[in-house]
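Please open the model in a viewer and follow the stops below in order. Each stop names a selection and then describes what is found there.

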Amino acid sequence: MVDNKEIIIYDSTLRDGAQAGGISYTLEDKLKIVDRLDKFGVKFIEAGNPGSNVKDQEFFARVKKMKLKNAKLIAFGSTRRVGISVKDDPNIQSLIAADTEAVAIFGKSWDFHVKEVLKTTEDENLQMIYDTIKYLKSLGKYVVFDAEHFFDGYKNNKKYALETLKVANEAGADSLDLCDTNGGTFPMDIYNITKEVVEMFPGTLIGIHCHNDTGMAVANSIMAVLAGARQVQGTINGYGERCGNADLITLIPNLQLKLGFKCVPDENIKHLTSLSRYVAEIANMIPNERAPYVGAYAFTHKAGMHIDAVKKNPASFEHIDPEIVGNTRRIVLSEVAGRSTVLDKIREIDPTVTKDSPITKEIIDELKRLENEGYQFESAEASFEMLIRKKLGLYQPFFTLKEFKVLINEPAVEYSSSAIVKIAVDGVTAITAAEGDGPVHALDSALRKALEKFYPELKEVHLVDYKVRVLNAETATAAKVRVLIESTDGKDTWTTVGVSTDIVNASWIALVDSLEYKLCKEKVGK
Ligand SMILES: CC(=O)SCCNC(=O)CCNC(=O)[C@H](O)C(C)(C)COP(=O)(O)OP(=O)(O)OC[C@H]1O[C@@H](n2cnc3c(N)ncnc32)[C@H](O)[C@@H]1OP(=O)(O)O
Ligand SMILES: CC(=O)C(=O)O
């Protein structure tokens, strides 16, 4: 059994990750990701496939100029093609042209693939593996051998699958990486087969490369490590072919924090969340909010009893302190909240209120009543603050609405909608009109124009996001809609909510809350 606890993290975000549907990195994207992965402390960055495309060839020419502190770059490609020599194989020559210290070669370990895909003999495949590795070793390269479909190959023809590893080993491969290419192998099989390989090649570095087709890539990689593999391949956020690869963002903390292995410097574990979001941003993928450790919901507490317990002691509902991985705890307001959930919010406005004050119950009851009507305060904390102020008697309307009208312009020459708003402030009436790209835009402009005369600070406010959700679509045109409006004044950002059967009315409620929230904020000097 291997008793050292050092794990070599081998990142393939830029190679297998680039095989993910929906991802296409630019050359500049790749350079940025290399820099970030190097700083994070991975040991290998499998950065591209120079035999595949010009972008990767140019990338390897550019990346050479970067000074990496921790990682070695890997150029990736296959064994030589059937029936030709390594020197005549353009893919192999492009690997050499990439000029990296290390290369990875994938070769077939499943006899079925040799017959059906390569359409050659088992002996020729062994020769292809041998020739390719031997040649690259003769040029002084560090060579990783990816035994493609190794686990399926082992199950179908154990002798042959193991023979491919033996040949790679004899040719001088620096590591033998067992690939669950189709991602269909289960953890116990990964453990038993990897253990046999580890025992068969004492002193040779054994790696693991798992795909996530059965949702087990992380579990399978851990089982391989427990069986003695010490090189772990994976990608940031699990991006990769089909369902993806082992997600290093889950795998690294599992190995390092839970099992005591050493993957990256301890002080870098706190960068996991930002690394995950950075790579998602560059890959133009929406971050997975429910991702273990780093997702926005990973340490979000919603149920009233959980929140009560977390406030007493966070360990009651958190497996680790979120700060360890650079994440944050969030408490959200909802119909499943209890008094503990709303108390902190209330006390920000009136510190004398306690959990047992009758007003606390009144506020939580109002929250639940409104959520039942379709409101959602989880992200609309500004509307919830306005609700608290109203309940505490600390709210005075900043204006009175006399009326508003919204018109659709047809034909829409410049703007598609117009709005007229009539309001009164301290007995002074103002009527304004405005046009906009849609009724809500027109209404927002008209209301702001009217109010700015009285409250010039509203000039700083503008809308940054507007979301509409139909709540009960089955009632067709009478369906309720929920509108969420995100606003900013350049310093803070806040979200308000409105619900109605009429989208303009729902928007009006959210708009008024937003502007009044800003005015309250100015008044109390927040
Ligand atoms: C399991 C993995 O994920 S391995 C990585 C796979 N990644 C990719 O395929 C992405 C990059 N690939 C490419 O850009 C292209 O496929 C290229 C440039 C490499 C090859 O393109 P083409 O020459 O047009 O071949 P094409 O992709 O159509 O077919 C693949 C060929 O490689 C052969 N091949 C597949 N695996 C291997 C291997 N391990 N060793 C040698 N040859 C192989 C196939 O038998 C097939 O050969 P054939 O044309 O004689 O039938
Ligand atoms: C090498 C590789 O990506 C695989 O076998 O899945």
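Begin by selecting Ile7, which counts as buried because it has 22 C-beta neighbours inside 10 Å, the threshold for burial being 20 or more. Please note that the model is a predicted one. Ile7 belongs to the segment before E1. Display its surroundings as well: setting aside residues up to four places away in sequence, Ile7 touches Val225, Arg230, Val232, Leu255, Phe261, Lys262 and Cys263.

Next, select strand E8, residues 231-234. Gln231 and Gln233 point one way from this strand, Val232 and Gly234 point the other way, and all are buried.

Another is strand E7, residues 205-210, which pairs with E8 in the parallel sense over three bridges. Here Ile208 has Val232 as its bridge partner in E8.

**Helices H9 and H10**

Now select helix H9 (residues 217-226) together with helix H10 (residues 248-258). In general, two packed helices are described by the angle between their axes and the distance between the axes. At what angle do the axes of H9 and H10 cross? They cross at roughly 35° and come within 10 Å, and the crossing is right-handed. To see the contact itself, display Val218, Ser221, Ile222 and Val225 in H9, which meet Thr250, Leu251, Asn254 and Leu255 in H10. By class, the residues of this contact are five nonpolar, three polar and no charged.

In the loop between E8 and H10, select Arg242. This residue is not a glycine, yet it has a positive phi of about 55°. Is Arg242 buried or partly exposed? Arg242 is partly exposed, because 13 other C-beta atoms lie within 10 Å.

Proceed to Tyr293, in the loop between helix H11 (272-283) and strand E9 (300-301). Tyr293 also has a positive phi, of about 70°, although it is not a glycine. Tyr293 counts as buried, because it has 24 C-beta neighbours inside 10 Å.

Then select Glu410 and Pro411, which are joined by a cis peptide bond with omega of about 0°. Pro411 is placed in the loop between strand E11 (400-408) and strand E12 (417-425).

**The two ligands**

Select ligand 1 and the 16 residues around it; those that come nearest are Asn49, Ser52, Ser78, Thr79 and Leu118. Strand E4 (102-108) and helix H4 (111-118) each supply at least two residues of this shell. Which element gives the largest share of the shell around ligand 1? That share, three residues, comes from E4. The shell has four nonpolar, eight polar and four charged residues.

The residues around it are Asp16, Phe106, Asp146, Glu148, Cys179, Thr181, His209 and His211. This shell divides into two nonpolar, three polar and three charged residues.

**An open sheet and its helix**

For the last stop, select the three strands that form an open sheet in the order E14-E15-E16, with antiparallel pairing. Strand E14 (462-470) and strand E16 (493-500) stand at the edges; each has a single partner strand, so one side of each is left without a neighbour in the sheet. From one strand to the next, the twist averages 15°. Between E14 and strand E15 (residues 481-488) there are eight bridges in the antiparallel sense, and within E15 the bridge partner of Lys467 is Leu484.

Key:
Residues are numbered from 1 along each chain as its sequence is written. Chains are lettered from A and ligands numbered from 1 in the order in which they are written. This is a predicted model: local features need pLDDT of at least 70, side-chain atom pairs count only at pLDDT 80 or more; totals for chains, interfaces and linings use all residues. A residue is near a molecule or strand if its C-beta atom, placed from the backbone, lies within 6 Å of it. Ala, Val, Leu, Ile, Met, Phe, Trp, Tyr, Cys and Pro count as nonpolar, Asp, Glu, Lys and Arg as charged, and the others, Gly among them, as polar. Axes are lines fitted to C-alpha atoms, for helices over the stretch in contact, and angles run from 0 to 180 degrees between N-to-C directions. Helices (H or I, at least four residues) and strands (E, at least two) are DSSP runs, numbered from the N terminus. A crossing is left-handed if the near helix is turned anticlockwise from the far one by less than a right angle, and right-handed if clockwise. Two residues are in contact if their C-beta atoms, placed from the backbone, lie within 7 Å. A residue is buried if 20 or more other C-beta atoms lie within 10 Å of its own, exposed if 12 or fewer, and partly exposed in between; C-beta atoms are placed from the backbone. Two strands pair if DSSP finds at least two bridges between them.
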